[in-house]
Amino acid sequence: MTNEIKKQYSMLLGQYLKYQTERNLYLGQNFSRRLVQKNITPEEVISIHKDSLEEIYSFGNEFTDDMRNALDFLTEFMIQYGLALREHKILLKNQEEMDHELELAANVQKTMLKTTIPTIDGLAIGSISIPARKMNGDYVYFQGDGKRFVGVGVADVVGKGIPAALCMSMVKNGLDTLGQPSISPSYALDVLNRIVEKTVDDNMFISMFYGRYDVAQSIFTYASAGHEPALLYKAKEEIFIELESEGLLLGVLPDVHNLEKTLY
């Protein structure tokens with residue numbers, strides 16, 4: 001903080017106290033921009049203001065001790081206020097950057113995890129997923145051969161955010177590699193378990209439900225790897241039935257065989 005700045009501020013303040021015109025205020029506003037450019041803090045501005053007042057009223061008793069003490073209090077107040085304001089601005093900037101990165105990552109995730117709902121005569125399929133955050137740790141996957149079989153997988157990563165989304169991408173790639181909706185659900189989960197166990201951190205696990213529907217025989221076969229039970233709705237009875245199936249979360253142990261059940 002240079003003596004030149006103090007001198008110019010004192011002159012501007014003196015001119016305003018003497019004339020109190022709009023032009024004086026305008027000159028003060030322009031001068032404030034120079035202070036911002038030179039990174040002069042709010043508490044430093046108050047200190048300059050106090051020194052200027054003492055200089056202006058040095059030949060009289062107008063500048064009282066109460067006025068001086070009040071400015072001292074304001075200086076201490078603005079020190080903490082300035083620190084809090086700078087911290088707040090930094091947090092806002094970091095949050096904006098994070099939101100932008102998450103938006104980009106979410107768009108990439110949508111592309112990577114995109115799945116196509118199969119079309120088969122005599123079968124209507126719908127799907128909806130509402131993520132708790134921009135990055136989704138849940139995933140719904142479909143496979144169909146267009147003739148007889150439809151495969152559906154529902155998975156959830158223990159965790160959220162970008163790591164969970166990357167795990168979901170790995171699950172999708174594993175299912176795409178298996179390639180056929182006619183495969184056994186237990187076999188599909190066994191293969192995915194080996195993939196997850198080798199590649200995912202020890203503190204992350206995936207629960208998953210996988211089912212296969214045989215349109216020709218109206219048979220639904222399913223298996224679960226620690227996932228919440230799926231619900232079967234029977235329209236005639238107007239009841240829901242939980243599709244219970246025991247199984248261990250994906251990635252816990254390398255050699256796990258998931259049992260499957262069948263509904264006729």
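Me: In this predicted model, what does the word "buried" require of a residue?

Reply: A residue is buried when its relative accessible area is under 20%, exposed when that area is over 50%, and partly exposed in between.

Me: Why is Asp-214 called buried?

Reply: The relative accessibility of Asp-214 is 7%. The cut-off for buried is under 20%, so Asp-214 counts as buried.

Me: What makes the contact of Asp-214 with Arg-148 a salt bridge?

Reply: The criterion asks for a side-chain nitrogen of Lys or Arg within 4 Å of a carboxyl oxygen of Asp or Glu. The closest N and O atoms of Asp-214 and Arg-148 are 2.8 Å apart, so the pair meets that criterion. Asp-214 lies in strand β3 and Arg-148 in the loop between β1 and β2, so the bridge ties together parts that are 66 residues apart in sequence.

Me: Is Arg-148 buried, partly exposed or exposed, and why?

Reply: Its relative accessibility is 30%.

Me: What separates Asp-176 from Lys-172 in helix α5?

Reply: Asp-176 and Lys-172 are four residues apart in helix α5, which means that about one helical turn separates them. Their side chains meet in a salt bridge, at 2.7 Å from N to O. Asp-176 is partly exposed, with a relative accessible area of 36%, and Lys-172 is buried, with 10%.

Me: How many salt bridges does a search of the whole structure find?

Reply: The search finds three salt bridges.

Me: What makes β1 and β2 a pair of strands?

Reply: At least two bridges are required between two strands. Strand β1 (residues 138–144) and strand β2 (residues 149–157) share seven bridges, in the antiparallel sense. Within this pairing, Asp-138 stands opposite Asp-156 in β2.

Me: How do you know that β2 also pairs with β3?

Reply: Nine bridges join β2 to strand β3 (residues 206–214), and these strands run antiparallel. The requirement is at least two bridges, so β2 and β3 count as paired.

How values were computed
Residues numbered from 1 in each chain as written. Predicted model: local features only at pLDDT ≥ 70, side-chain atom pairs only at ≥ 80, totals over all residues. Heavy atoms only, no water. Helix = DSSP H or I, 4+ residues; strand = E, 2+ residues; numbered from the N terminus. Buried < 20%, exposed > 50% of the residue type's maximum accessible area, 1.4 Å probe, protein only.
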